[in-house]
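Keep the structure open beside you as you read.

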Amino acid sequence: MDLQLLVGLGNPGSRYAETRHNVGFMLLERLAAVESAPFRNQPRLQGLLAEIGSGPQRLRLLMPQTYMNESGRSIRSALDWFRLEPSQLLVLVDDMDLPFGRLRLRASGSAGGHNGLRSTIQHLGSQEFARLRIGIGAPAQEPQERKARTVGHVLGRFSSSERPVLDAVLTEVISGIDLIRRLGIERAGNRLNAFRAEPIVTAP
């Protein structure tokens, strides 16, 4: 995969920082910190942009600042500005239907009820772009209770007990991005889709 644009989905502002819905932002911030690559505001892209590497190996990291429901506007602007194709894009997105500690890499697919992916599909006019879903788990199994608690769950922050699992997930995704670039979606997916970070259970 000729991956050149890595997009993390989330909401801008301190109110939403570190929330489950912003795990895509958290991943890009972790990767940029590892590479000592600062984010800069790019009004024409409606987002914050960092770059790592150079030449053919350059990878652009984009955090849309449009709010989740309009993420596609920023992604469309970035693809147009850098003259890239959707096939050169990977979107990092939270997934409430995936257990916390699990990952799911796909080369294409539907929005699956996620407003950020829905906006991206709308503005790209296609579902043919790669996405890595990062599991945040559901707040409840019973449908009515789940619906009632969804907003509080996705806009809530990870607990201290969840942090070790989150760190393991972010570390795995950063390794996975390198695998995607070297080996392609299918082979990287074999590893990422089998990954499972388990909570640490302390003895009583």
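## Pockets, pairs and cores

Helix 5 supplies four residues to the lining of the second largest pocket, the largest share of that lining. Before you go further, please keep in mind that this is a predicted model.

Let's stay with this pocket for a moment. The second largest pocket holds about 170 Å³ of space. Its lining is made up of Leu 31, Val 34, Glu 35, Ile 52, Gly 53, Leu 59, Ile 174, Ile 177, Asp 178 and Arg 181. Helix 1 (23–34) and helix 5 (163–183) each bring at least two residues to this lining. Sorted by class, six of the lining residues are nonpolar, one is polar and three are charged.

Now turn to the largest pocket, with about 240 Å³ of space. Fifteen residues are found around it: of these 15, His 21, Asp 94, Gly 113, His 114 and Val 154 are the closest to its centre. Strand 5 (89–95) and helix 4 (143–154) each give at least two residues to the lining of the largest pocket, and helix 4 gives the most, with three. Here the classes are three nonpolar, seven polar and five charged residues.

### Charged partners

How many salt bridges does the structure hold? There are 13 salt bridges, and the table shows some of them.

| Salt bridge | N to O distance |
|---|---|
| Glu 18 and Arg 163 | 2.9 Å |
| Arg 20 and Glu 162 | 3.2 Å |
| Arg 60 and Glu 51 | 3.6 Å |

Start with the salt bridge between Glu 18 and Arg 163. This pair links distant parts of the chain, as Glu 18 is in the loop between strand 1 (5–8) and helix 1, Arg 163 is in helix 5, and the two are 145 residues apart.

Next comes the salt bridge of Arg 20 with Glu 162. This pair also links distant parts of the chain: Arg 20 is in the loop between strand 1 and helix 1, while Glu 162 is in the loop between helix 4 and helix 5, 142 residues away. Both Arg 20 and Glu 162 are buried.

The last pair in the table is Arg 60 with Glu 51. Arg 60 is buried because its relative accessible area is 10%, whereas Glu 51, at 36%, is partly exposed. Glu 51, Arg 58 and Arg 60 belong to one network, joined by salt bridges that share partners.

Which residues have the most contacts inside the largest nonpolar core? They are Leu 6, Leu 61 and Leu 90, in a core of 39 residues. Several elements give two or more residues to this core, including helix 1, strand 3 (47–52), strand 4 (59–64), strand 5 and helix 6 (185–192).

Leaving out residues up to four places away in sequence, Leu 61 touches Leu 6, Leu 28, Leu 31, Ala 32, Phe 39, Leu 48, Leu 49, Ala 50 and Ile 52.

Definitions and conventions. Residues are numbered from 1 along each chain as its sequence is written. This is a predicted model: local features need pLDDT of at least 70, side-chain atom pairs count only at pLDDT 80 or more; totals for chains, interfaces and linings use all residues. Side-chain values use heavy atoms; hydrogens and water are left out. On a 1 Å grid over the protein atoms alone, a cavity is a set of points where a 1.4 Å probe fits but cannot get out, and a pocket is an open set with protein on both sides within 12 Å along at least five of seven lines; lining residues have an atom within 4 Å of a point. Grid points are joined across faces, edges and corners, and a volume is the space filled by probe spheres set on the points. Ala, Val, Leu, Ile, Met, Phe, Trp, Tyr, Cys and Pro count as nonpolar, Asp, Glu, Lys and Arg as charged, and the others, Gly among them, as polar. A salt bridge is a side-chain nitrogen of Lys or Arg within 4 Å of a carboxyl oxygen of Asp or Glu. Buried means under 20% relative accessible area, exposed over 50%, partly exposed in between (1.4 Å probe, protein chains only). A nonpolar core is a set of buried Ala, Val, Leu, Ile, Met, Phe, Trp, Tyr and Cys residues joined through side-chain atoms within 4.5 Å. Contact means heavy atoms within 4.5 Å.
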